[in-house]
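Keep the viewer open as you read.

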Amino acid sequence: MAKTNIVVLGAGFAGVAGTKKLAKHFKKNEDVLITLIDRHSYQTYMTELHEVAAGRVEPDAIQFDLQRLFNRNKNVDIVTDEVTHLDKESKVVTTVKSTFKYDYIILAMGGEPNTFNIPGVAEHGFTLWSWEDANTLRRHIKDTVETAAIEHDIEKRKAMLSFVVSGAGFTGVEMIGDLMEWKDRLAKDNKLDPEEFSFYLVEAAPIILGVVTEKESSKAERYLNKKGVKIIKGNGVANVTEDTVELSDGTKIPTHTLIWTAGVKANSDVEEYGIEKARAGRLVANKYMEAQGAENVYLAGDIVYYEEPDNDNTPVPQIVQSAEQTGHTAAKNIIASIEGTEKVAHKGKYDGFMISIGSRYGVAYLMEKIHLSGFIAMAVKHLINLFYFLTIGSVFYFVKYIHHEFFHIRDGRSIFRKHLSRYGNVLWNLPLRVFYGSMWLWEGLKKMFGLAGTTSWFGNDVTMPFSWLQDPASGASEAAEEVVHSVFGLNYVYGEEPMMVLDKMPGWFEKIMEFMVPNVEMALFMQKMMTLLEIAIGLALIFGLFTWLVSALTVGLVAMFSLTGMFYWVNMWFVPVAISLMNGSGRAFGLDYYVIPWISKKLSKWWYGDIKSIYEVGVNK
């Protein structure tokens, strides 16, 4: 039977969402092959471009390698190439290096900046619509500030330190928010006065953030004004030169940096595909996300023009939620077409809008009735971003996001400020790690060799209640308690009888222990195994091997000891010490310095294969 070939063009939010849905549905159908083609080997997390451009996170924080996203989807081929032609009659996609036949195709190439042909914007402005754009802008800002630091001409220096963002939608407000936050670091690194910097937010409309309510718009405006941003409304950009931005009313702002976020249009690559277009070059789709007049061609993402009946016949918005939803609709209807089931009409559902203004403040409008601002709004945005990684099945980037946004930060650019930063010196944990490990090792050695008044387990003797030895069936729980007590005898006394965490074992836990330790033989075995575990924990901590896992294990063990009714509050310090050692302490004069990177590399290769800059059919799986 001939294979059914589905081709997806574009690995943005829409393309990834559609491909994931298709891959999941057809995972057991070897007759369906999905090919995802993009000019890059990665997905760009478009909503966080401003964080890279303004130096909050490193560039790789918003790059999600496609091999890592689709490594377990064996029915997906990833191709790094650029599409040059689409032949709808022959159903062939031509790229720079190859050709691909398709039975169904999803066009999801996204959008690009719309300069509205304003003079000078394309030549002198900086856009923010790709990973390359963000990096170019980041380098330009750093270079411009460095040059300004040694510029003696006051007016030139002022122009260099003036930054204009045109467009006060989501991207523009988020960009100016992170830019003003970067000011102090730029000033410090170049020995400048932060007061020398000037920031302008220019909007042709009478309000900023027009897509949300007046409440969010007002809060955002007040916050920006408080931070020194000059907001110009109802007065758009009319002309741009190398060192000046001229507004519609003739006002001129001397600057070397115009950041253009004022418009978006469909990707210009689709202009030659012969599909009916609407305004801003967007391709017209029907309710099934099928391109008008093109057989088996589906549309998704920013290139789609579809007027939603349930939304006052307004076009689907060019936002992430819409991109993913149109991608899902296209995928569902391809599945329906292949399997002969009923197609489903697209129905947009927009749960809310969240805007960050720097790393510590944001505004949000959720479910058409919930208004949030400040820390809570930012926390919700982070949670939504984390949820995205779960929807595409990427635990790897879920963890990476947490690292980039909360731990690997500088200058406190996080909702938690500097409190979670991992740029501290873990060397200071070395004495604690060795001491803590030595405590565990000593406890194990005492029981193994009968030191400090304990009984050696080489003698096959375990202290049990006398009644249990007379009638094993009557005292399994007491045996279990005594095993734990004899193995983990961490009951140090300071002049008085210490207080136990629990006076007795809870009933539910007692049943578990009776099941695990039903007789003397099992008790002896468990005693030896737990003693060996103590020794292993001690050695691992002393030598800094798997420190995070071992420390987490000790927390779990303390919880178990406490449930036995044989653990004392004076020893509860084991828990905070273990938690403190989970900060990477094994990398300071420890084996984790060598072992963890080696294991990470090996596991990555085994799970993801070889991560490359260019993927080709048949070699990326």
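Leu-22, Leu-107, Leu-201 and Leu-224 touch the most other members of the largest nonpolar core, which has 111 residues. Helix 7 gives this core its largest share, 8 residues. Apart from it lies another core of 18 residues, including Ala-540, Val-575, Ala-578 and Leu-581. A nonpolar core here is a set of buried Ala, Val, Leu, Ile, Met, Phe, Trp, Tyr and Cys residues joined through side-chain atoms within 4.5 Å; buried means under 20% relative accessible area, exposed over 50%, and partly exposed in between (1.4 Å probe, protein chains only).

This is a predicted model: local features need pLDDT of at least 70, side-chain atom pairs count only at pLDDT 80 or more, and totals for chains, interfaces and linings use all residues. Residues are numbered from 1 along each chain as its sequence is written, and side-chain values use heavy atoms, leaving out hydrogens and water.

| Residue | In contact with |
|---|---|
| Leu-201 | Val-165, Gly-167, Ala-168, Gly-172, Val-173, Ile-176, Ile-208, Leu-224, Val-229, Lys-230, Ile-231, Ile-232 |
| His-328 | Ala-17, Lys-21 |

His-328 sits in helix 9 (residues 320-339); helices (H or I, at least four residues) and strands (E, at least two) are DSSP runs, numbered from the N terminus. With a relative accessible area of 31%, His-328 is partly exposed. From His-328 to Lys-605 the distance is 30 Å, C-alpha to C-alpha, and 277 residues in sequence.

Among the buried residues of helix 5 are Asp-133, Leu-137 and Ile-141. Their cover includes helix 2 (49-53) and strand 18 (257-260).

Notes. Contact means heavy atoms within 4.5 Å. Lists of a residue's contacts leave out its neighbours within four places in sequence.
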